[in-house]
Amino acid sequence: MPADNGVNGGANPQISSGYEAIDPATASKTQKKYQEERNKRLRPDGLTQYINLGDTDDPSYMRFQKDPWDDGTTASLTLKDNDHFKFLILGAGIGGLLFAVRLIEDAGFQPEDIVIVDAAAGFGGAWYWNRYPGIMCDVESYIYMPLLEETGYMPKHKYAYGEELREQANRIAWQWSLDGRAMFRTVISQCTWDDSTAGWTVEMTQRAFAGDTTTTASVRADFIMLVPGLLNRPKLPKLPGWGKFQGPSFMASRWDYKVTGGSQEAPEMSKLQDKRVGIIGTGASAVQAVPHLAQWSQELLVFQRTPASVDVRAQKATDEQEWKQNISTGPGWQMARSRNFASFLANTQPPEPVDLVSDSWTSFPSFSVLTGGAKTIGMDEIPDHVANLYQLDMPRAERIRARVDELVHDQEVAEKLKAWYPGWCKRPAFHDEYLQAFNRPNVKLVDTNGKGVKGLTETGVIANGRTYDVDVLIWSTGFEQGVLGSPGARCGVKVIGRAGLDMEDKWSKGVATFHAICTNGFPNMFFAGANQAGASPNYTPTLETFARHIAKIISASTRRIGKTQPTAKVVIEATQEAEQDWSRRVMVGAPTLAPMAGCTPSYYNAEGSLDNMSREEQMLAAPAGPWPAGLNNFMDVLEEWRSRNDELEGLHVSGVQVD
């Protein structure tokens, strides 16, 4: 049998899934090490150690929000007071585009019925903003890149680079005539439900190109859809001396090629050849940017608080013959491949007979802590569940730490680059050049032993009790995920529902949704997020599921009301009973997340804050978790619900006559 090349089924030759068990003594020693390393990272300020750029008017922080990609060439609708839209979608990324496409394809609406609103000046969401050198998606492009079947596009590589993902977003917008339905450089401050008009009043502000001029207006919308993406709000640390540094500095998510030279497409950063560059953070963005910075900088200082767990990526170009014969095999191939991927992440037993994606994700069964799986864990089973997950994860974690020793020549540096925490505690990284970058004589790892940098001076960064002078400073400090925030809060929007109900007040009493897409008290508002939904490292099938489900709900509701009240406006609202039942079903699976307790701080556990919650707070937070049975089951449950002859059980659908 010929060796499998990892594009179709079988095991990736560079990745072992049959790990040897770790003996009890080694396991005990490793868990003690995990606890010691976690304790180094704990700090009392939790999430407040960061400042969210969307919530500040401090000029020293606000300057980082500037859009470096806006050249004024992308067409945009002009904000006009009292305009009316049937569907207003917040978010021009993958999610917002999928929501719009499904309204057109599955529900029969026209592009003219839709407006897509975004603060950016173009489509793409995270792939619009993030253009740092080396950026690529860590999920296989064949399942992550949306609408490949419908657009007929073949990705160039197994893992798509950022510019290609942005191109696909623009391709989708063009193919479905949405390129003329976007209102860019525009933010929404408040949405208020109006019973008298059976619609939403939306307060918005639009920024003019190349200037500080803004237009504020109030528009009306029959339906609001909040689709901001999971990582859309960059954060920066609060540090002594903030604003003192005199050299150029920027965020990785707003890369400044005027400072570095080059471009995303050709990252030849020649302006750094005589510069000492510092990058703060070692998450996914830094892992991809560091090899390029190492190549071009005179000297590169990498400031590390917690090392990334860096596994094999095995990037390769797409083989056209393999694509035609073994990947794009017929209608529905992309969702089938996505479901195959999700089954391995959920550690479904027995496993699928063939691993279609076959990469470092699908050989990571312990990630099922976050994705959920078929087995429900009772409270009395938690100790065994936690022990089993640690046993499942440790061989993989040991292999990744051994990989550091294999690739990094300096043993002292190698030890500092090893991740001492379970694989589910932080978003893992995958790269084929990151670790090797530390073998270069011009690259220095500044490990802070879990404490992080302590401040800034006019010339550099304070860490480990000394100042490290740098000429250029890059912030790679990540995004706020908003683990417990409401859909409105994740968008930076104040949402006022029926009878003046503030969404934040409702969410403060506990997350409550129906099918993870809507909530009682907020008619004709749908949203996308991680709470109470099927989870996977690949968010695209979740977004696709949301988009199809919502489009079919609106379509069925419109047909129902149209039969008896053809001139009425359709109003759709989740019932309290339905969302309470859905939340109970999520809470039953809360023990599945027990291994998250004691994790090293990250955005997964609100920088360790979740471990410090009172019993009452834990009960309020329990319904905020993912769908416990995994993404595939989540999709099955929604599909079964839709199959019941348009019963729309759990929704109150009415027609309202409006003058």
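Two strands pair if DSSP finds at least two bridges between them. Helices (H or I, at least four residues) and strands (E, at least two) are DSSP runs, numbered from the N terminus. The model is predicted, and local features need pLDDT of at least 70, side-chain atom pairs count only at pLDDT 80 or more, while totals for chains, interfaces and linings use all residues. Residues are numbered from 1 along each chain as its sequence is written, and side-chain values use heavy atoms, with hydrogens and water left out.

View 1. Look for Val-277, whose bridge partner in β18 is Val-472. Touching, or contact, means heavy atoms within 4.5 Å.

**View 2. Helix α17 meets helix α20.** The axes of α17 (residues 540-564) and α20 (residues 631-642) come within 11 Å and cross at roughly 10°. That makes α17 roughly parallel to α20, since angles under 35 degrees count as roughly parallel, over 145 as roughly antiparallel, 65 to 115 as roughly perpendicular and the rest as oblique. On the α17 side, the contact residues include Phe-546 and His-549; on the α20 side, they include Phe-634 and Trp-641.

**View 3. Met-225 inside the largest nonpolar core.** A nonpolar core is a set of buried Ala, Val, Leu, Ile, Met, Phe, Trp, Tyr and Cys residues joined through side-chain atoms within 4.5 Å. Buried means under 20% relative accessible area, exposed over 50%, partly exposed in between (1.4 Å probe, protein chains only). The largest core has 139 residues, and Met-225, Phe-526 and Phe-546 are among those with the most contacts inside it. Its largest share, nine residues, comes from α17. Which residues does Met-225 touch? Among them are Phe-87, Phe-99, Phe-526 and Ile-554, not counting residues up to four places away in sequence.

View 4. Most residues other than glycine have a negative phi, and most peptide bonds are trans. Asn-464 has a positive phi of about 55° although it is not a glycine, and its place is the loop between β16 (460-463) and β17 (466-469). Gln-532 has phi near 60°, also a positive value, in the loop between β21 (525-527) and α17. Buried or exposed: which is Gln-532? Gln-532 is buried, with a relative accessible area of 0%, whereas Asn-464 is partly exposed at 43%. The cis peptide bond joins Gln-349 and Pro-350, with omega about -5°. You'll find Pro-350 in the loop between α11 (333-345) and α12 (368-371).

**View 5. Ile-51 beside Lys-235.** Ile-51 belongs to strand β1 (residues 50-52) and counts as buried, at 17% relative accessibility. Along the chain, Ile-51 and Lys-235 are 184 residues apart, yet their C-alpha atoms are separated by 5.7 Å.

Terms used:
Axes fitted to C-alpha atoms, helices over the stretch in contact; angles between N-to-C directions.
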